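I opened my notebook to look through a protein model step by step.

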Amino acid sequence: APPDAPPEAGGFAALAPLLLDVDRPHPTADDTPTMPLRTAGSRPVSAPRADVSLARGTVLCSRYALEQVIGSGGSSSVYRARDQQPAAPPSVQDPSSGLVAIKLLRPEDNANPQARARLTREFRQMRRLTHAGIARVFELHCDSEFCFISMELVAGRTVNEWLQADSSYQQALRIIRGCCEALQYAHSLDVLHGDLKPTNVLVAA
C-alpha cells in the first residue's frame, strides 16, 4: 500500500512504535495488544546506550545498513537504517526514501526467550493497525544473532521538543485531536498504548 500523505507542518504527525511499552510485562493477559505509534525520525527520544550499540555500517541480514542510534529502551535500541533492498528505488527528490527504523534487541537480551516473545507480540500487534497517525511495520526477523523489527521511519520532533520552540494554542489543539483520533482507532481494535507522553508523540518536520 502507498504511504500515507504526510501531515501538515506543525500538525500531528504520529505516535512512536519505538516507545511501545513492551520491555516490561503488560499488566493484563499476554495476548492483550499494546499500542505502537510512529517512530521518532532523526531525533533521539532517550539517550542511547553507546556501549551496546552496533557500529555504523553494520548490515543486518544482508539488507539493513545501520546509520545511527535514535532511541533506546529497556531491552532494545532503535536505529535509523538504510534498506538496501527497498520495494521501490530510492528517489532523488526524496533523500529519505529507503530509510527505515530498526528496533533491535540488545545482544544481552537476544537469547532471552521472554524478550523475543515480547518483540514478536509487538510486531503482530503493530501489524494490525493501519492509520495515518500510526507507523507501519514491515518485517520481523529473529535468528541466533539478531532479533529486530523493521518499520517506517518518520522525520519529526517530539511534542516535548516542539513545546520548547514554536508551539501555539491552535497547533496544540490539532496535536491533541490527532492523538485522540489515533488512540480511538487503536482502542477500537483493543490495542492500547503503554506509555503515552509528550516525548512519545511526534510533530511533522
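The entries below follow the order in which I looked things up.

**Entry 1: the whole chain.** I reminded myself that this is a predicted model. I looked up the secondary structure and found four helices and 11 strands in the protein chain. The chain has 205 residues, and 45% of them count as buried. Next I checked contacts between residues with a separation of 6 or more, and 68% of these join residues 24 or more positions apart. The accessible surface came to about 10,300 Å², with 53% of it belonging to carbon and sulfur atoms.

**Entry 2: the nonpolar cores.** I asked which residues touch the most other members of the largest nonpolar core. They are Ala101, Leu105, Leu119, Val137, Ile149, Met151 and Leu153, out of 14 residues in that core. Then I looked for the elements that give two or more residues to this core, and noted β6 (99-105), α2 (113-127) and β8 (147-152). The largest share is from α2, which supplies four residues. I also found a second, separate core of 11 residues, with Leu60, Leu66, Val100 and Leu104 included.

**Entry 3: one serine in a strand.** I picked Ser150, which sits in strand β8. Is Ser150 buried or exposed? Its relative accessibility is 0%, so Ser150 counts as buried. I then looked for a polar partner and found that the side chain of Ser150 makes a polar contact of 3.3 Å with the side chain of Tyr64. Setting aside neighbours within four places in sequence, I listed the contacts of Ser150: Tyr64, Ala101, Ile102, Val137, Phe138 and Glu139.

Entry 4: I turned to α4, which runs over residues 169-188 and has 20 residues. From its first C-alpha to its last, α4 reaches 29 Å, close to the 28 Å expected at 1.5 Å a residue. I wrote down the buried residues of α4: Gln171, Ile175, Gly178, Cys179, Ala182, Leu183 and Ala186. Why are they on the same side of α4? They cover an arc of only 125° around the axis, and that puts them on the same side. A rule I want to remember is that an α-helix has 3.6 residues a turn, so residues three or four places apart point the same way. On the other side of α4, I found Tyr169, Arg177, Gln184 and Ser188 exposed.

Entry 5: My last stop was Asp190, which follows α4. I looked up the phi of Asp190 and found it positive, near 60°.

Methods:
Residues numbered from 1 in each chain as written. Predicted model: local features only at pLDDT ≥ 70, side-chain atom pairs only at ≥ 80, totals over all residues. Heavy atoms only, no water. Expected span 1.5 Å × (residues − 1). Buried < 20%, exposed > 50% of the residue type's maximum accessible area, 1.4 Å probe, protein only. Arc of directions from axis to C-beta. Core = buried A, V, L, I, M, F, W, Y, C linked by side-chain atoms within 4.5 Å. Contact = heavy atoms within 4.5 Å. Areas by Shrake-Rupley, 256 points an atom, 1.4 Å probe, with all protein chains shown as cover. Polar contact = N/O pair within 3.5 Å; in protein donor to acceptor, adjacent residues only side chain to side chain.
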